[in-house]
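Here are a few exercises to work through with the model open in your viewer. Try each one yourself before reading its solution.

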Amino acid sequence: MLELSAELNEETKIKWDRVRSRLRAEFGEATFNSWLKSLDLVSMRDNKVMMTVPTRFMRDWVVSHYADRVRDLWQEEVPDLQSVDIHVKPAEYAKRETPMSAAESKVAAQVAEAAPGQSGSEDGQVVGSRLDPRFTFDNFVVGKSNELAYAAARRTAESSMVTFNPLFIYGPVGLGKTHLMHSIAHHICERNPDRKVIYLSAEKFMYQFIRALRYKDTMAFKQQFRSVDVLMIDDVQFISGKDSTQEEFFHTFNALVDQNRQIIISGDRSPTDLEGIEERMRSRLGWGLVADIHPTDYELRLGILQSKAEQAGCKEIPQRVLEFLAHRITSNVRELEGALNRVLAYSNLVGRPITLETTQEVLQDLLRANDRRVTIEEIQKRVAEHFNIRLADMYSARRARAVARPRQVAMYLAKQLTSRSLPEIGRKFGGRDHTTVMHAVRKVEELRETDSAFADDLNLLRRMLET
Ligand code: ADP
Ligand code: MG
């Protein structure tokens, strides 16, 4: 290290000092001290900057959270900058000079990738899982179906006292449980860097416990978990049927509750409905606050899409495409996000603007899987009833406004709620041309914008057909 630093000339050192002080100013003292202070400049050759941090965990964290900014700041100092690399300091230095930092044992991301046969001792120090930086409260869109879980999560993250213990969040897959848990962890760690927070899945808990047993390291294992301020276990249903893990979890749980430490748990169903979990455990899980997340409704889905499109910096995605996706991808938010990303990626690749037609093409498989199996016949029947016209007028050639308008509404709903193509829809409406259907869709969209009574009617019909 000494030889290496010797090659830094004065000018480079001054540049590095400037980069450092700007990092400190931008990220604040707490973040700087936890993560950036130990960043060392090792060399700068051919406009390539090489820096080190003491551990792999810190390297991963710094790279995922601060690398862009570090690079930009270097760029300002070195206009012809080629690269900025951050490496882990060679082991003997790391060991001698730097024991695990407080920040490392804190949110604790996972360093160990569990190479089989690897001794558990060193990697076992860091037990939690990596937090997704995108999973924050700010990025969470709140609607009716998740407002209770959201409020409970916020309260838990913000309050300095333990009010409900545990907080138990449950609901089907892909609806934001993990997102909320990470948000809590981010929030606590930002406000209160001294609190030791561990987040991990029940599966990983089990895995680590088993590894500890195998390496006869259970004391260390117990200590790690019992010395935390906040313990978060995601997807608790994974420990069902795993008796020794359950037993260990139960003891950890009790020890933490006794010390008034916060526990936050998620599961795919309510504590009472968890199968393969001992009765005493189930009842303890229900002691605090149990908050459920329900499937999304249309408004929430649309809100999420708008927020994600905005985050992706994408302004040219038409509102009607977002509405279409919100109507049609109803399974869960993960799929909804996936659909949006696919559409964005496609338009990016082929360099064409996003339209309803390309969206349908690109998402064919997803749309089919999400099909609620509303048939065109059902739509026609409902719409005819609603407007009090004869079903036969859906296919007839009559053009009177009193029947033409409902027919257009039915065509629009057929387009929105089924995956039929325009020609297919036309055929079902007495063999009309696809341009007639297209015209109907446009017309209804237009009316919906200008006539709020009409829009209410349309919403009502849609809801009836969706359920
Ligand atoms: P779960 O843990 O319940 O299976 P996740 O938390 O992993 O679900 O959520 C799946 C995806 O959907 C994530 O990318 C998450 O950010 C996103 N997501 C879920 N609910 C919301 C919401 N209300 N607002 C924004 N994004 C959401
Ligand atoms: Mg999850």
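The exercises below concern a predicted model, and each comes with a worked solution.

**Exercise 1. Check what span helix α17 should have against the distance between its end C-alpha atoms.**

Start with the residues: α17 runs over 376–387, which is 12 residues. If you carry on just past the helix, you'll run into N388, which takes a positive phi of about 60°.

**Exercise 2. Work out which residues of α17 are buried, how they are arranged around the axis, and what covers them.**

First, pick out the buried ones: I376, I379, Q380, V383 and A384. Now look down the axis of α17: these buried residues fall within an arc of 125°, so they line one face of the helix. Then see what sits over them: the cover includes α18 (401–417), α19 (422–428) and α21 (452–466).

**Exercise 3. Describe how α13 packs on α18.**

Two packed helices are described by the angle between their axes and the distance between the axes. For α13 (residues 319–328) and α18, the axes come within 9 Å and cross at roughly 70°. Angles of 65 to 115 degrees count as roughly perpendicular, so that's the label for α13 against α18. On to the residues: α13 brings F324, H327 and R328, which meet K415, Q416 and L417 of α18. Sort the contact by class and you get two nonpolar, two polar and two charged residues.

**Exercise 4. Is M411 buried or exposed, and which residues does it touch?**

Begin by placing M411: it's in helix α18. Its relative accessible area is 2%, and buried means under 20%, so M411 is buried. Leave out residues up to four places away in sequence, and M411 touches I425, F429, R432, T436, V437 and A440. Take A440 from that list: it lies 29 residues from M411 along the chain, with 6.6 Å between their C-alpha atoms.

Notes:
Residues numbered from 1 in each chain as written. Chains lettered and ligands numbered in written order. Predicted model: local features only at pLDDT ≥ 70, side-chain atom pairs only at ≥ 80, totals over all residues. Heavy atoms only, no water. Helix = DSSP H or I, 4+ residues; strand = E, 2+ residues; numbered from the N terminus. Expected span 1.5 Å × (residues − 1). Buried < 20%, exposed > 50% of the residue type's maximum accessible area, 1.4 Å probe, protein only. Arc of directions from axis to C-beta. Contact = heavy atoms within 4.5 Å. Axes fitted to C-alpha atoms, helices over the stretch in contact; angles between N-to-C directions. Parallel < 35°, antiparallel > 145°, perpendicular 65-115°, else oblique. Nonpolar A, V, L, I, M, F, W, Y, C, P; charged D, E, K, R; others polar.
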